[in-house]
Amino acid sequence: MSFPVLSTILFAPIVGAAAITFLPTTAGSSIKKVSAAAMGISFLLSLMVFFGYDWHSGGMQFVEELAWLPEMGAAYSLGVDGLSAPMILLTALIGFAGVFASWRVDERPKEFFILFLLLVAGVAGTFVARDLFLFLLCYEVVVIPIYIMIILWGSSKRVTKEYAAMKLTIYLLLGSAFLLAGILMLYLNAYPAGTRTFSMQALTQAAAGGALSPEFQKFAFFFVMLGFGSLLSMWPFHSWSPDGYAGAPTAVSMVHAGVLKKIGGYGLIRIGLLMLPLGFKFWAPLIAAFGVANVAYAAFIALVQKDMKYVVGYSSVSHMGYVLIGIAAADVIGINGAVANMFAHGVMAALFFAMIGHIYHATHTRHIPDLGGLAHQMPRATVGFFLAGMASLGLPGLISFVPEFTIFVGSFKAFPLFAVLAIAGIILTALYVLRVLADVLFGPRRSEWDGVHDLHGADWVPLVVLGSFLIGFGLFPSLLMNVVNSGIEPLMPLLAKLKLAATLWGGL
Amino acid sequence: MIGLSHYLLVGAVLFGLGLFGLLTKRNLIAVLMSIELMLNSVNINLVAFSRYTATDAAAGQVFSLFIIAVAAAEVAVGLALAYAIYRGRDTVSIDDMNWLKW
Amino acid sequence: MWVDFSLHHAWLIPLLPALAFAIISFFLLRSPQLASRLAIAAMGSAFLIALGVGWAVVSKGITVEAPFVMKTVWFSMPGLVAGMGVLIDPIAAMMLFVVSLISLLVLIYSTGYMTGDPGYARFFAFMSLFAASMLAMVIATNFLQLFVFWELVGLCSYLLIGWYFHKISAREAGKKAFMTTRIGDFGLLLGILFLQIAFGTLDFGELAVKVPAYVSQNGAALMTCVALLLFAGPVAKSGQFPLHVWLPDAMEGPTPVSALIHAATMVVAGVYLVARAFAIFSVLPGAMTVIAWLGCFTALFAACIALTQREIKRILAFSTISQLGYMMLALGVGSLTASMFHLMTHAFFKALLFLGAGSILHALHDKADIFEMGGLRKSMPATCAMMGIAVLAIAGIPPFAGFFSKDEILVAAAHVSTPLYIGASFTAFLTAFYMARLFLVAFFGEENPHDHPHESGMSMLFPMGVLAVLSIFAGAVPFALGFGDWVRFGPAHHAGIDWGIASASTLIALAGFSLAWLIYGGGAKRSDAIAKQAGVLYSLSLNKFYVDELYQWFNRNIVTGLARVLYWVDLNVVDGIVDGAAQKSGAVGAILRRFQTGQTQQYAAVMLIATVMLALILAFSAGAVAGGGKI
């Protein structure tokens, strides 16, 4: 067997966390270095996976397979395809950047980095798992560290951080409860007792082979939709997201908005669309409608926020609307765009939160009216903030333009009216992004911020790493789109069949 | 002639006394003593059954030896707790010991 | 050799300034001299290649029907292939020439104008990116590529208009420019999406075949809507009514930026888009009518506002809007040649006007009100002379450049509709009037004793000189050389001068001059009296017909109001349900909590009762199952 790349990506943070437990609490800088090394290994290997992925041939690559619980049909089975390769890169990328964004955490650094590394490992596990049991396990691993990290290292203004942590955790758990119900139904119905399996591939084949009745698929997909929907902050299950992000420490916001949320979109495709295709098609109009609600509603609300993190929180809800619409279009172009947009939004949101974290660290406020003219004192942070803002409003040449355009093309065919409403969202997005940029960065110099530090030392890493992806994939979108497409193109026969399937609004 | 039922009667009376003490005594020490009574009544039953009905006479007695050991450990822990609570809170009244309630 | 190289490496034209941007922003931010030299070198090389491309077009006979195209795939997936490429035809070649020339001149000018600015190097980086985006837009082969660089042009304008970001007004002006163009982009994007979905391609060449075929088969109604959506982009970008509001505020940027925005990049992008997609627009008479009338109205509307403005750059800004209206009008009446011709001449004299204004502002330390200037003719003779040339050119006095291009527009308009011709002619009269007003008030009249203006340095005067020469000859020479044979749509356009219209428009311009002389020739007193008499009309014009106020009201009350309502809903309804659910479970817990008294003995009693009951149940049920229960 060749070198287990994916396992190494998955276990490097866990080994790092284990190593940190042996370090004394006071050894802050060595704790950080160990974390950085662990995430660095993951990041380099995930780069290797992403750029080494052979998108000409597609399919599952870097496969690893070990028997685990054969009685239940669960296996330790890893692999990446065009859908998960960008996601695993995103996870490691943001995890790596997150370590450096937390470089200035001096309160209980040991616990912080242990939890953070576990969090990243859990998220990474969900994306490389080819087995639903492993998927669920990793997903549950994620929830607990977040709760503790928000309570211990969080900060919030509108609501207490305890409230934010509780809300976020309960939503995640509620989502996972629905998900568990849906997945168990799938597990029990796909194959008769004795031959049951959690293997994603086998379950996908079960659906394709017609083992699942349309009624069952509709029923089970509803649960899966609620589960992944609340994870993706689908309207009206979005309200944990702004509160949670505002409460969470920088690195958690980065990982959460950047990748954890994307498990929702990933799952909707990987589990919802592939394993319950008829159910997916049936509920697709509802998902699209919710997606439009996400886009417009959250963008409007972002307009009147006074806390920077709330703006980005609502903006991330708004962007997830595009992902939902793209997925719901059930069209190869739309889904391509949705997956690419998940990647794009991840990079951009992480950069946003990293810069906000830095500004907050330097000025001790996130209240927009208190800030202003920071470009005078913090030109480097301004560059990062500006890049993230421009990516957020879909500026061509940055990472999110092509995915958004692709989503628009895909969804325009399936839901013309929704698509127009969603595209109108670009105006609102520009409005709130420009407002934040103007009010925070530009304007007269304020003497109270004269002494604050600009980015220096480790602060550069998030900006450089995330920024290079933001620009690199923006200028050369095919680097991303080719890989994504290799995962989506095989779905074309399925999608073609679904064209005629019944929806909530009756058949087409 | 003293038979099985006499032993069982003694055991039942002891158990009843212990139970009464457990439910009514306010003093933590007394409650612990009541629990000891109940455990001992069980011991009597075990020994009696073993003597009169079992084919292997040793089995029930080994059980009661186990119970004695466990009871000793339980009393040791219980008294230590009582002592610690008394030192900290100046009380051994079981009514006052409800701090773990939310 | 050079011509061949240029044609086949036309992609270098935008790439060189873009590289200059990258190199300056990564390495040269701390070395301003090197930065400006690099930017100028890159721009100069781009200009040389653009010249080569122009020569190649002429020598190789590249026409609008048979353009030179190079393409590569940008990204692709089943059903959507996005290309990037180079499309060279006479229109693009002319634009490349104009844009790179003016960008180069403005960069040279900026070395003098921006001296001492703390962001000197960054300024050259942004300007390079601005020019690069515009140049890349010009050579776009498809709508997506055009849109990409269109947006980048918008970004650069945002950055440069808001250059003095410490000023609230500049910051807001940048934001406004971005926002307003975004609204237009929404329409443009919708139109592009529709084209992509209906025709499966965004390539200009393919669309030029498919769209007319579609229209002749299925009627024009749907495509007219699409064309109007597409047109929304140019409306915003080229400052057509009602999305013109950002353009006057754009003067908040440094003057070289204004010159670049108004003359070569940004605003002409909209006109260029319509010209580039003329194959679509020209088969849709409904859309053409809208374009023509909107252009004519904008021209007149902006000219009315320009009459009463006091800040020099603001007057020029409204004159730009007005001239852009002309260009749209020309497109709307079907004369691509006239529009592009005017675009070119206008680029030269408007750049000159702005650079001249910059020279004045530089001398007067940013005092912008023309009525506070006065008498500059003596202290700044060179600037005065060159501004004079530009004023004559924009007013359409023969033989200056503006005369020829404006004449072509008037001829084209007169062919189509008399009201449009009258509107355009009246605009010409107003244009002559307000330009003369600016010139007379600023350069003649009494000197302001507090000012000590001085003539600008060579780095600023040289570009102005070049532009002045072009403002004189750029009309007559191309006219004589058959501009219309190359830059055209449809059959070659041999416009002779229509002497009737030409003499009429010359007379109109002279009338405008005379009126201005009558009013402003003898100081400002007479004008105040007239302003008082005009009353409402005067304040309408001075306040730009309150369009800005209307938008501000809409933004403040409707958009923000709706946002507040939705936020309230989010906090109280959506979140209210969530919190309500949480509170309900909490309430249930509060009831259940009472059973948890903390009294050990109660727990023991409950345990006892439960055990007894369990024992009873087991005893009776064991009896019921008749010895079945083995516990």
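Colleague: What follows H20(C), and what is its phi like?
Modeller: In this predicted model, H20(C) is followed by C:Gly445, and the phi of that glycine is positive, near 70 degrees.

Colleague: And how far apart are the end C-alpha atoms of helix H20 of chain C?
Modeller: They are 37 Å apart, which agrees with the 38 Å that the 26 residues of this helix (residues 418–443) should span at 1.5 Å a residue.

Colleague: How many residues of H20(C) are buried?
Modeller: Of its 26 residues, 20 are buried, so H20(C) is largely enclosed by the rest of the structure.

Colleague: Switching to the largest nonpolar core, which residues touch the most other members?
Modeller: Those are C:Leu329 and C:Ala351, in a core that holds 459 residues. The largest share of this core comes from helix H14 (residues 332–363) of chain A, which gives 21 residues.

Colleague: What does C:Ala351 touch, then?
Modeller: Leaving aside residues up to four places away in sequence, C:Ala351 touches C:Ile102, C:Leu105, C:Val106, C:Ala259, C:Ala263, C:Ala264 and C:Leu467. There is also a second, separate core of six residues, and among them are B:Val31, B:Leu32, B:Ala82 and B:Ile94.

Colleague: Now chains B and C: how many residues are in contact?
Modeller: Ten residues of chain C are in contact with ten residues of chain B. On the side of chain C that touches chain B, helix H27 (residues 600–624) of chain C gives the most, with five residues.

Colleague: How does that side of chain C divide into nonpolar, polar and charged?
Modeller: The residues on the side of chain C that touches chain B comprise six polar, three nonpolar and one charged.

Notes
Residues numbered from 1 in each chain as written. Chains lettered and ligands numbered in written order. Predicted model: local features only at pLDDT ≥ 70, side-chain atom pairs only at ≥ 80, totals over all residues. Contact = placed C-beta atoms within 7 Å. Helix = DSSP H or I, 4+ residues; strand = E, 2+ residues; numbered from the N terminus. Nonpolar A, V, L, I, M, F, W, Y, C, P; charged D, E, K, R; others polar. Core = buried A, V, L, I, M, F, W, Y, C linked by C-beta atoms within 7 Å. Buried ≥ 20, exposed ≤ 12 C-beta atoms within 10 Å, placed from the backbone. Expected span 1.5 Å × (residues − 1).
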